Amino acid sequence: MADQYLGFDLSTQQLKGIIVHSDLKLAYEAKVDFDVDLAKYGISKGVLTNPSEGEVFAPPAMWLEAIDLVLQRLEAQGADFSKIKGISGAGMQHGTVFWSRDAEALLGGLDAGKTLLEQLEGGSKGEKKSAFSHPFSPNWQDASTQKQCERFDVALRGPMQLAIATGSKAHHRFSGPQIMRFHQKYPEAYKATSRISLVSSFLASIFLGQVAPIDIGDVCGANLWDIKNGRWYEDLLALAAGDKGVDDLKSKLGNVPEDGGGSFGAIASYFVNRYNFPSSCQIIPFTGDNPSTILALPLRSSDAIVSLGTSTTFLMSTPQYKPDPAYHFMNHPTTPGLYMFMLCYKNGGLAREHIRDAINGLSSSADSKSWNLFNETSTSTPILGQKDPNSDPMRLGLFFPRPEIVPSVKAGIWRYLFANNTLTAVPPPSAQTKTEDKSWPIPHADARAILESQFLSLRLRSQNLVEKQGELPPQPRRVYMVGGGAVNPAIAELAAEVLGGADGVYKLDIGGNACALGAAYKAAWGVGRKDGESFEDFLEARWNEKTFVQKICEGYRKGTWERYGEALKGFEMVETKAIEEKGEGRE
Ligand SMILES: Nc1ncnc2c1ncn2[C@@H]1O[C@H](COP(=O)(O)OP(=O)(O)O)[C@@H](O)[C@H]1O
Ligand SMILES: O=C(CO)[C@@H](O)[C@H](O)COP(=O)(O)O
């Protein structure tokens with residue numbers, strides 16, 4: 001009986017599951033879409049919001065239902081769980097789940113005849129014991145912790161010092177400021193909390209049948225972990241929990257094992273009895289969705305991943321730890337001595353969808369969710385909106401329907417023309433006549449401008465991390481496109497034009513979801529590695545370039561790449577204007 005491995009991705013809008021064979025080839029994949037399948041939770045795009053306080057959150061109860069559902073869907077496709085030797089997974093980063101004092105007993109005593117939801121959630125009227133001390137988990141899009149972030153940033157004498165110690169300056173979504181706010185806003189619920197999980201370790205806990213440790217990569221999304229010394233940063237714990245609460249918070253968070261491949265133990269009997277997993281199936285640490293994504297590809301120096309999910313992220317694996325308040329460094333999820341470099345944008349998929357919807361809305365025949373018109377419009381618009389690059393100004397914009405992380409700025413849309421080192425604001429369409437400035441037809445010119453803007457921002461911030469490629473100027477060796485937007489050829493084309501890529505732009509040809517795939521690979525490595533075998537060696541030995549990845553298009557285009565290089569200056573000026581105008585409202 002051939003061994004198989006299972007990987008999960010619990011992200012903003014979906015729970016995905018992928019099964020791979022021991023040669024890492026894809027066997028099955030299935031997903032649960034929260035808005036489509038679990039709309040009864042009242043969520044939109046996977047989350048609930050309380051705009052008056054900037055809160056964005058999701059109910060873990062919904063995720064419990066999604067776990068049973070995704071397993072049923074994998075089974076319906078023919079998956080035989082008795083072949084699964086190991087499970088790992090990934091969760092959207094930073095979210096916390098608050099477990100009650102009954103959690104361990106409930107997790108350890110699950111009855112295979114009932115659903116997870118029936119047994120772990122206290123019922124709508126709280127008539128049963130609940131595994132949760134609070135019914136919601138803050139989502140990474142939450143922006144309610146401004147005051148707490150200010151305290152974190154000054155705690156170590158400034159954002160740079162915090163970034164050096166923990167890999168990032170304080171961010172609204174990071175678990176430390178979130179726990180501090182939870183402690184202040186719900187002191188009773190905090191007191192009633194026995195353990196705190198991240199979304200990743202929450203998912204691992206369900207499969208393990210007890211609260212699982214937090215992962216060594218994902219722990220870096222908290223502003224609480226001292227990266228260089230590999231331990232909790234006590235001064236920061238004291239900030240979140242009060243001086244007298246440090247030991248208590250430490251025990252709520254638990255120990256963080258250094259080995260990202262070391263088994264937590266065997267699967268809970270619930271899954272053995274209900275789904276026929278072997279009782280020997282091992283639970284390998286579950287990590288964050290971004291750290292897991294970098295495990296789906298054999299990344300070399302200067303390779304970059306552009307992940308187009310709900311958020312847009314830009315990821316690299318590097319031995320250099322060069323923290324800066326503008327971006328994030330995290331421990332690599334499998335390999336000591338390597339780090340994950342990350343840029344994370346809140347205005348990713350949903351901002352692109354706004355423009356897609358506006359363009360489709362002007363056509364009587366377009367399917368409202370189709371990307372065809374958006375794609376046609378963006379590729380037929382000239383580079384930077386310049387029909388004649390010698391005489392026309394560049395169109396440069398920022399499209400942030402939500403407050404943005406990179407740069408830290410309040411929500412807004414900015415459109416500028418750039419020529420002779422000078423920016424000229426494009427007047428907004430007249431409210432009375434609805435007529436717009438001819439230099440920037442809205443929404444059509446926005447289609448190309450938003451893609452250019454998103455990729456210019458990535459290029460600007462990663463230019464010091466990429467090396468010269470042979471005769472070519474410093475740029476990525478390869479750009480890998482992953483996440484929901486990676487199927488879109490127009491987006492890949494624009495990524496190539498702006499970012500370059502000496503060896504081209506690629507996407508995964510095996511399984512649509514890099515993050516869940518990375519988790520399945522991690523499970524395979526955790527169970528199957530030989531003594532001391534690194535994840536990189538394990539992956540390299542099984543990597544099948546021809547069937548695992550597909551080249552979408554050439555990367556570097558001489559002349560075009562240089563024109564975007566010239567646009568960077570104007571782009572930085574637009575960012576400065578946006579911050580001056582709306583304020584640095586963090587994110
Ligand atoms: N053909 C497409 N072109 C562009 N974007 C797409 C396309 N298909 C899906 N997407 C985008 O992918 C996003 C979801 O990506 P996914 O990686 O599944 O999300 P998450 O992991 O955050 O739940 C959606 O917000 C949608 O905008
Ligand atoms: O906040 C971050 C990373 O810091 C986000 O990237 C989340 O991890 C959510 O990711 P997706 O749902 O977009 O995959």
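Predicted model: local features only at pLDDT ≥ 70, side-chain atom pairs only at ≥ 80, totals over all residues.
Visitor: How many residues of the shell around ligand 1 are charged?
Guide: The shell around ligand 1 holds 17 residues, of which Gln14, Lys16, Thr310, Glu353 and Gly484 come nearest. By class, 4 are nonpolar and 11 are polar. The number of charged residues is 2.

Visitor: What share of the accessible area of ligand 1 does the protein cover?
Guide: Polar atoms of the protein approach oxygen atoms of ligand 1: a side-chain atom of Glu353 lies at 2.5 Å, and a backbone atom of Gly484 at 3.0 Å. On its own, ligand 1 has 580 Å² of accessible area.

Visitor: Which strands stand at the edges of the open sheet, and why is one side of each left without a neighbour?
Guide: The sheet has 7 strands in mixed pairing, in the order S17-S18-S16-S15-S22-S23-S24. Each edge strand has a single partner strand, so one of its sides has no neighbour in the sheet. The edge strands are S17 (328–331) and S24 (549–553).

Visitor: Which residue in S24 stands opposite Tyr506?
Guide: Strand S23 covers residues 504–508 and runs antiparallel to S24, with 4 bridges joining the two. In S24, the residue opposite Tyr506 is Lys551.

Notes: Residues numbered from 1 in each chain as written. Chains lettered and ligands numbered in written order. Heavy atoms only, no water. Near = heavy atom within 4 Å. Polar contact = N/O pair within 3.5 Å; in protein donor to acceptor, adjacent residues only side chain to side chain. Areas by Shrake-Rupley, 256 points an atom, 1.4 Å probe, with all protein chains shown as cover. Nonpolar A, V, L, I, M, F, W, Y, C, P; charged D, E, K, R; others polar. Pairing = 2+ DSSP bridges.
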